[in-house]
Every structure is written in structure tokens, then in C-alpha cells.
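Please look at the sequence and the model together. How can the terms used for a pocket and a strand be traced back to their cut-offs?

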Amino acid sequence: MSGHPTVIHERVAQARDGDNPTVIARMASGWAVLGDHQFLPGYALLLPDPVVVHVTDLDPGRRARYLLDMTRVGEALLEVTDSYRINYEILGNTAPALHAHVFARYLWEPDEHRAVPVWSYPAETLRTVPFSLEEHGGLRGALADVLAQDG
């Protein structure tokens with residue numbers, strides 16, 4: 001675990017306590033959650049539990065499980081959205097704790113953004129659709145159902 005708690009530590013603690021409304025499912029390696037912003041519908045993250053700093057901090061079995069769970073989230077997104085591709089990113093630059101971004105990508109995205117990382121969008125664009133249970137609860141439930149069948 002990193003020496004300084006991060007937003008990832010906070011979100012995992014909230015998930016454990018049942019206080020994280022973005023939780024899609026408890027997975028073998030951690031928590032699948034929807035992102036705080038849903039400009040790209042289905043933007044999800046996989047948060048490890050327990051939290052570690054780097055993917056290489058996981059022993060080989062836990063590392064394999066984490067990466068498998070990450071791709072299971074992507075497969076669920078392909079099944080329940082009209083996305084055509086999934087992008088996976090493990091960065092850790094802003095929050096220095098392991099977390100995987102799982103982005104559903106869509107044909108309706110502008111050409112100049114569709115073929116490059118999501119971060120090419122202006123930050124204000126990415127924040128235009130905040131997560132809300134009212135708007136995104138159905139998607140969260142559909143993803144949870146797919147992941148439960150797969151589990």
C-alpha cells in the first residue's frame with residue numbers, strides 16, 4: 001500500500017462499506033466501478049482490493065487475476081453498450097495507486113479523438129456528464145448482471 005492514502009484508497013474503503021454508488025461489482029481482484037464522469041458511456045475503472053501502488057506489486061497469480069478482471073469489465077461493456085472497441089489504461093500518475101481505466105469507444109466520437117487516447121479530449125469535455133444513479137443506474141445494473149453471469 002502506498003504511504004499516503006489516495007482517492008483510490010478512499011473509493012475502495014467506500015466500496016467495502018457499501019457507500020460507493022458507482023460500484024458495478026465486487027470482483028476477485030477488487031471493485032469494478034463506473035467513473036465519476038460518463039461522457040463516454042460506461043467509462044469504468046477496476047480498483048484493486050487491497051490497494052497496491054503498482055501492478056508489479058501483485059504476486060503473479062493476483063496480477064493475472066487483476067488483468068483478467070480488467071478485461072472482463074471490457075467484455076461486459078462491449079456486450080451492454082454500442083461501443084465498437086475497448087481501451088485499457090493503467091497510468092497511476094495522478095493517483096499513485098493501482099487502478100485500471102476501461103474506456104468504451106464509440107463510432108460517434110469525432111474522428112480527431114476516436115483513434116487516439118481518451119485524454120486527447122479537452123478536460124472540460126470529459127467532465128460534461130457527471131455520474132448519477134438516476135441516469136447511469138441502468139447501465140451499472142446491466143454491467144453487474146453480465147459480470148455476475150461470467151463470474
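What follows is a set of questions and answers on a pocket and a strand.

This is a predicted model, in which local features need pLDDT of at least 70 and side-chain atom pairs count only at pLDDT 80 or more, while totals for chains, interfaces and linings use all residues. Residues are numbered from 1 along each chain as its sequence is written, and side-chain values use heavy atoms, with hydrogens and water left out.

Q: What makes a space a pocket, and how much space lies in the largest pocket?
A: On a 1 Å grid over the protein atoms alone, a pocket is an open set of points where a 1.4 Å probe fits, with protein on both sides within 12 Å along at least five of seven lines. About 700 Å³ lies in the largest pocket, a volume being the space filled by probe spheres set on the points. Its lining, meaning residues with an atom within 4 Å of a point, has 29 residues, and H37, Y43, L45, H101 and W119 are the closest to the centre.

Q: Which helix gives the most to the lining of the largest pocket?
A: That is α1, with three residues; helices are DSSP runs of H or I with at least four residues, and strands are runs of E with at least two.

Q: Why is β5 called largely enclosed?
A: Buried means under 20% relative accessible area (1.4 Å probe, protein chains only), and six of the six residues of β5 are buried, so the rest of the structure largely encloses this strand. A100, V102 and A104 cover one side, and H101, F103 and R105 the other.

Q: How do you know that β3 and β5 pair?
A: Pairing requires that DSSP finds at least two bridges between two strands, and β3 and β5 have three, in the antiparallel sense; L45 has H101 as its bridge partner in β5.

How values were computed: Buried < 20%, exposed > 50% of the residue type's maximum accessible area, 1.4 Å probe, protein only.
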